[in-house]
Amino acid sequence: MKILSAEQIREADRYTIQNRPIASIDLMEAAASAWVETFLQSLLYSHRKSIIIVCGPGNNGGDGLAIARMLKPLNNVTVYLMPSDNYSPDNLANQQRLRESGIQPLLLHTTDILTLPPDAVLIDALYGSGLNRPLTGLSADIVRKINASGVPVAAVDLPSGMFADSNDHNTLHTIVKASLTITFHLPKLALLMMPTGELAGEIKIVNIGLDSSFIDQQESPHHLQDADSVKVLYRPRSLWMHKGQAGRGLLIGGIGHTAGAVLLASSAALRSGIGLLYTACGLRAAQALPVHRPEAIALDLNETDLPDLVSSLEPDAIAIGPGLGTSQASAELLNEILEYPIPTVLDADALNLIAKHRWLHRLGPNHLITPHPKEALRLFGQAKPFEFHQNLLKFSQSSKTVIAFKGRFTRIYTPEGIVWFNNSGNHGMATAGSGDVLTGVLLALLAAGYPVAQAARLGVWLHGAAGDAALLRLNSPESLIAGDIINHLHQAFHQLSSST
């Protein structure tokens, strides 16, 4: 699914109105109807006794007025309207329709008139995706009062005050903090990135009937990937496959007291279909691995010459980093690995060593790096969120390195200039060892012969989908651990195999 800019979405609106043809007011009616249908299925609606709708002077406010009219038969609805000398035509039309339905909107000349009872839910329809400057004055005061009230908020298209694209020059304290954002037709970039995404709460996308041919013609570097978009990458095993054809992988890490990281990565690689796994690790991990995961071949790094090992094993892929440490000996291992023209996953301490020794320039087409935000900061330096996003994309394009920037909606940056925002995964996966599991999954896919960017996309989605399956069983994000992700990888693979 494409992620279009605010300007492209406005053009899609205009094109749809001119070429369907459909009147602007009717497109607004369709959007409001789709929004209401999704809202009525939400927990926010089911747990609240009354609904307060705050509407602005533009078309986002017009959406809110139409929503109020549609909810009136089912709920106790109160509507507040920002005063203006310049209401949009569709806003004015929906004001009239609302009054005819029996609801008189209350003009918000001051925040004093805005009453927010604790048992209500507030629908935010002040400003939408057309906003391009921070809120000030009365609008900012209204937002601050809403945020201070503690009343749960459902946002129409975007939380008011948020820009659809970059928010590097916005003020976060004048953005509504929503519990639910029901956005129209396509996701907006700001909903998928920190820190603005955190203000959106749960995100739902509703189709409002924009012209699909126009959207298909639009170019965008940003895409949202789901099961349908990754299943085309998935290659089911041949009935005649043997273990040598399933890939040979070399995993390096688990030195000293950090044996657990490499054990998790080993288990994940095996559960992701790797044919032969060699785990080169410290003594503790080498002793524990035959007990914990006897399918892996444990190699003690203290007794192993790495060049000879790589030469003799001829691995199809390498992963290095989980529990590697940042000692001089670990740096020497990594220095050697960076010279091999073998598809390689670089994670955890491997990334810290690259940052420490300033080896970023040594990364290239056979490398897949998987930094979390702090590791990425060490690698690429400080920048505002959208600028940082652009820096990662430029680096991927210039170096031909694939980047999986981990977090909510993990972003896969590809050398072709495309960024894939991943939609699987959940907050329960914010737990120790989750990243090590991802490393193992990626190693298995690279060893199986997937191109680096495809392995990154598929692996990130599988990792998240396994976490989603684990959460569904546990029903508690706090109780989810990295081992649960491994134990549900089979369900993630099944989702792809059952739909091919």
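Reply: Leu-276 is buried, because its relative accessible area is 15% and the cut-off for burial is under 20%. The values here come from a predicted model. Leu-276 belongs to strand β10, which covers residues 276–281. Leaving aside residues up to four places away in sequence, the contacts of Leu-276 are Lys-243, Gly-247, Arg-248 and Gly-249. Pro-315 is 39 residues from Leu-276 along the chain, and the C-alpha atoms of the two are separated by 9.1 Å.

Burial can also be followed in helix α13, which spans residues 349–357. Its buried residues are Asp-349, Ala-350, Leu-351, Asn-352, Leu-353 and Ile-354. Just after α13, Arg-358 adopts a positive phi of about 55°.

Two packed helices are described by the angle between their axes and the distance between the axes. For α14 (residues 373–380) and α15 (residues 385–399), the axes come within 12 Å and cross at roughly 65°. The angle therefore makes α14 roughly perpendicular to α15. The crossing of these two helices is left-handed. On the α14 side the contact is made by Ala-376, Leu-377 and Phe-380, and on the α15 side by Phe-388, Leu-392 and Phe-395. By class, the residues of this contact are 6 nonpolar, no polar and no charged.

The remaining part to consider is the sheet. It is an open sheet of 7 strands with parallel pairing, in the order β3-β2-β1-β4-β5-β6-β7. β3 (106–107) and β7 stand at its edges with a single partner strand each, so one side of each is left without a neighbour in the sheet. Helix α4 (residues 59–71) packs on the sheet and touches β1, β2 (76–81), β4, β5 and β6. The direction of α4 makes about 155° with that of β1. Helix α2 (residues 24–39) lies across β1 (50–55), β4 (120–125), β5, β6 and β7, and runs at about 150° to β6.

Strand β6 (residues 180–184) is mostly covered, with 5 of its 5 residues buried. In a regular strand the side chains alternate between the two faces of the sheet. In β6, Leu-180, Ile-182 and Phe-184 point one way, while Thr-181 and Thr-183 point the other way, and all are buried. Strands of a sheet pair through backbone hydrogen bonds, either parallel or antiparallel. β5 (residues 153–156) runs parallel to β6 and is joined to it by 3 bridges; within this pairing, Thr-181 is the bridge partner of Ala-155. β7 (residues 202–206) is also parallel to β6, with 5 bridges between them, and here Ile-205 is the bridge partner of Thr-183.

How values were computed:
Residues numbered from 1 in each chain as written. Predicted model: local features only at pLDDT ≥ 70, side-chain atom pairs only at ≥ 80, totals over all residues. Heavy atoms only, no water. Buried < 20%, exposed > 50% of the residue type's maximum accessible area, 1.4 Å probe, protein only. Helix = DSSP H or I, 4+ residues; strand = E, 2+ residues; numbered from the N terminus. Pairing = 2+ DSSP bridges. Contact = heavy atoms within 4.5 Å. Axes fitted to C-alpha atoms, helices over the stretch in contact; angles between N-to-C directions. Parallel < 35°, antiparallel > 145°, perpendicular 65-115°, else oblique. Left-handed = near helix turned anticlockwise from the far one by under 90°. Nonpolar A, V, L, I, M, F, W, Y, C, P; charged D, E, K, R; others polar.
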